[in-house]
Amino acid sequence: MRLTLLRFARLNPSVKELRLHLCQTGEESKGVREFVNTRYVQLKRDNPTLPILVRECSGVQPRLWARYALGKEKSVPLTNATAEEVLKQIEVLSKAQ
């Protein structure tokens, strides 16, 4: 598990902010909650200056947002995604612009 985290550790500097939207109780947000509980701390430790926001709201569909320079944003749905899939989506958005 540690090696997987290292692969995602340093995000592209073009990413200015990450936001995770999830439901506190919804089954479709289960993997995102697992990601926050098990991997958020290491991701934040490896990217201390990057704002990583976790937004919980009842009934919301899970989604990952990345903000780049000049306010450009991209998002991907995380409905029924596992914690590993959340990491993969972070990597994809880190490479995008």
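Modeller: Residues are numbered from 1 along each chain as its sequence is written. In this predicted model, local features need pLDDT of at least 70, side-chain atom pairs count only at pLDDT 80 or more, totals for chains, interfaces and linings use all residues, and side-chain values use heavy atoms, without hydrogens and water.

Biologist: What is the average pLDDT of the protein chain?

Modeller: The average is 90, and 91% of the residues score at least 70; pLDDT is the predictor's confidence in each residue, from 0 to 100. Over residues 1-6, however, pLDDT stays under 50.

Biologist: Why is one side of strand S2 and of strand S4 left without a neighbour in the sheet?

Modeller: The open sheet has four strands in the order S2-S1-S3-S4, with mixed pairing. Strands are DSSP runs (E, at least two residues), numbered from the N terminus, and two of them pair if DSSP finds at least two bridges between them. S2 (52-56) and S4 (73-77) stand at the edges with a single partner strand each, so one side of each has no neighbour.

Biologist: What makes S1 and S2 a pair?

Modeller: Five bridges join S1 (residues 15-22) to S2, whereas the definition asks for at least two; therefore they pair. The two strands run parallel, and Leu-22 stands opposite Glu-56 in S2.

Biologist: Why is Leu-70 called exposed?

Modeller: Its relative accessible area is 91%. Buried means under 20%, exposed over 50%, and partly exposed in between (1.4 Å probe, protein chains only), so Leu-70 counts as exposed. Leu-70 lies in the loop between S3 and S4, with a positive phi of about 60 degrees although it is not a glycine.

Notes:
Contact means heavy atoms within 4.5 Å.
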